[in-house]
Amino acid sequence: MLKMPLINRYSINIYRALGVSIKDKCTIANDVKIIGNYKNLKMDYNSSIYYGGMLIANNKISIGENTGIAHQVLILTSSNPRGPRNKLIKIYKKISAPVIIGHNCWIGARVTILPGVKIGNYCVVAAGSVVNKDVPDYTVVAGVPAKPIKRLDPRAFQE
């Protein structure tokens, strides 16, 4: 697929005009889908969302500085069994909760992040993982559901 360089160059200004809070040096691929309220998305300095991503922004989504979100990542801030006619609404209530991703994180390709999850600073989420619980700082998680597989040494990131 051919991408027009001028569209990418000015898309950040379009997102800002729609209400997204974007700091300098951020990038959002031109085919990222944002469903919900654009004002619920906040991107800190030098963060990026790559091709094919989908953000359900019915609640706040905060992405920390220097954080990279890879291809086809799905971030959900709400979930609903499509009531009131669906009887599952009686046991599975509608959920709406923010998603917070910390600074200096790497979210791998095709990751799904569920409502209410907080991912700490300096975290890696392996490709294809489903994150349904909070991830502490300096942690690598992988799997369905995502589980910690490695702890990173904070001293490795000191300057």
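I began with an open sheet of seven strands, ordered 2-5-8-13-16-18-19 and mixed in its pairing. Its edges are strand 2 (27–28) and strand 19 (147–151), each of which pairs on one side only. A reminder to myself before going on: this is a predicted model.

I then zoomed in on one pairing inside this sheet. Strand 13 (residues 106–107) and strand 16 (residues 124–125) run parallel and are joined by two bridges. Looking across from Trp 106, I found Val 124 standing opposite in strand 16.

Next I looked up an open sheet of five strands, with the order 1-4-7-12-15 and parallel pairing. Here strand 1 (21–22) and strand 15 (118–119) are the edge strands, and each pairs on one side only. Strand 7 (residues 61–63) pairs with strand 12 (residues 99–101) over three bridges, in the parallel sense. Ile 63 has Ile 101 of strand 12 as its bridge partner.

Strand 3 (residues 33–36) runs parallel to strand 6, with four bridges joining them. Lys 33 stands opposite Met 54 of strand 6. Strand 6 is also joined to strand 9 (residues 74–76) by three bridges, again in parallel. For Leu 55, the bridge partner in strand 9 is Ile 75.

Which residues have the most contacts inside the largest nonpolar core? I found Ile 75, Ile 101, Ile 107, Ile 113 and Ile 119, in a core of 33 residues. In soluble globular proteins, nonpolar side chains tend to be buried together.

I took Ile 75 as my example. Setting aside neighbours within four places in sequence, Ile 75 is in contact with Met 54, Leu 55, Ile 56, Ile 61, Ile 69, Val 99, Ile 101 and Ile 113. Two of these names were already in my notes: Leu 55 as the bridge partner of Ile 75, and Ile 101 as the partner of Ile 63.

Is Thr 112 buried or exposed? Thr 112 counts as buried because its relative accessibility is 18%, and the cut-off for buried is under 20%. Thr 112 belongs to strand 14 (residues 112–113). Not counting residues up to four places away in sequence, Thr 112 touches Leu 74, Leu 76, Ser 129, Val 130 and Val 131.

I stepped back and found one helix and 19 strands in the protein chain. Its radius of gyration is 16 Å, close to the 15 Å that the globule rule gives for 159 residues, so the chain is as compact as a globular protein of that length. Along the principal axes, the C-alpha atoms fill a box of roughly 50 × 40 × 30 Å. Of the 159 residues, 38% count as buried. The chain exposes about 9400 Å², with carbon and sulfur atoms supplying 57% of it.

Arg 16 forms one with Asp 24, and their closest N and O atoms are 3.9 Å apart. Arg 16 is partly exposed at 33% relative accessible area, while Asp 24 counts as exposed at 53%. Arg 155 forms a salt bridge with Asp 153, where the closest N and O atoms are 3.0 Å apart. Arg 155 counts as exposed at 62%, and Asp 153 is partly exposed at 34%.

Most residues other than glycine have a negative phi, and most peptide bonds are trans. I looked for exceptions. The peptide bond from Val 144 to Pro 145 is cis, with omega near -5°. Pro 145 lies in the loop between strand 18 (139–142) and strand 19.

Asn 46 has a positive phi, near 65°, and sits in the loop between strand 4 and strand 5 (48–49). Asn 104 also has a positive phi, near 55°, and is found in the loop between strand 12 and strand 13. Asn 46 is partly exposed at 34% relative accessible area, and Asn 104 counts as partly exposed at 28%.

Key:
Residues are numbered from 1 along each chain as its sequence is written. This is a predicted model: local features need pLDDT of at least 70, side-chain atom pairs count only at pLDDT 80 or more; totals for chains, interfaces and linings use all residues. Side-chain values use heavy atoms; hydrogens and water are left out. Two strands pair if DSSP finds at least two bridges between them. Buried means under 20% relative accessible area, exposed over 50%, partly exposed in between (1.4 Å probe, protein chains only). Contact means heavy atoms within 4.5 Å. A nonpolar core is a set of buried Ala, Val, Leu, Ile, Met, Phe, Trp, Tyr and Cys residues joined through side-chain atoms within 4.5 Å. The radius of gyration is taken over C-alpha atoms; the globule rule is 2.2 Å times the number of residues to the power 0.38. Accessible areas come from the Shrake-Rupley method with a 1.4 Å probe; for residues, only the protein chains shown count as cover. A salt bridge is a side-chain nitrogen of Lys or Arg within 4 Å of a carboxyl oxygen of Asp or Glu.
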